[in-house]
Amino acid sequence: MSFDRRSRTEQTRNDDRARDRRTRVIAISLSAVVVAGLVGFGSYMLLEKSEAKEKREEGVAQDAKQTEKDLKELAAEPVKDEKTWDAKKLTRNHVAGDVAYPMKPPVGGDHNQAWMNCDGDVYEKALPDVNAVHSLEHGSVWVTYNDKAPEADVKKLAERVGATPYSLMSPYEGQAGAIMLSAWGKQVTVDGADDRRVDQFFAKYVQGPQTPEPGAPCTGGLAAPQ
């Protein structure tokens, strides 16, 4: 091999090595850019997610404060035409048989040892008084209606009860009003589901101050009339 040919071969090898170095540098640089971009994008997404979570938590806290404020204001309002019995004079013995209550639906008195579940339970059939009264003793509000109650009101009240712990709902034949709300020692007849007295009554008497056994369970009782 002549000297010139060896020189050209060596030059070609040098050019190939230089090209390989440039290719590696470019590849490494592009990789670094991509990694940096991914890291930056990931950090941005984490920051966005964190900020969104903080805003949601602030919104929930604000809503809770507003709801608590609204409930306090509603609970402080008098309920027009509300009937009251002395909660402390209503007897609370457990009995095996029926009880002749002086009001329909009953708002207290002796009752069966088993309570109706009242954790937002909506019943399609009438309930035994002696079981429902036990639920009132635990601090629940009992919504009752007869066949004169508009279907739309019954549906709306059922949705409300379904979303409210310590409340229950059932039909009740023989009651004076189309829609009535009862708690231990308290009762009111309302004009419909949108009557402000519904909000007031719930705010006052779901676990109201007149409750004989506040915090007692509304689950673990009867799930259906017996």
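**Note on helix H2 and its setting**

1. Contact here means heavy atoms within 4.5 Å, while buried means under 20% relative accessible area, exposed over 50% and partly exposed in between, with a 1.4 Å probe and protein chains only. Helices (H or I, at least four residues) and strands (E, at least two) are DSSP runs numbered from the N terminus.

2. This is a predicted model, in which local features need pLDDT of at least 70 and side-chain atom pairs count only at pLDDT 80 or more, whereas totals for chains, interfaces and linings use all residues. Residues are numbered from 1 along each chain as its sequence is written, and side-chain values use heavy atoms, with hydrogens and water left out.

3. Ser140 lies in the loop between helix H2 (129-137) and strand S3 (141-145), and its relative accessibility of 0% makes it count as buried. Apart from neighbours within four places in sequence, the contacts of Ser140 include Cys118, Tyr166, Ser182 and Cys218.

4. Turning to the whole, the protein chain has four helices and six strands, which run α-β-β-α-β-α-β-β-β-α from the N terminus on. The radius of gyration of the protein chain is 36 Å, well over the 17 Å that the globule rule gives for 226 residues, so the chain is more spread out than a compact globule; the radius is taken over C-alpha atoms, and the rule is 2.2 Å times the number of residues to the power 0.38. The C-alpha atoms fill a box of roughly 125 × 35 × 35 Å along the principal axes.

5. Buried residues make up 37% of the 226 residues. Of the contacts in the protein chain with a separation of 6 or more, 72% are between residues 24 or more positions apart.
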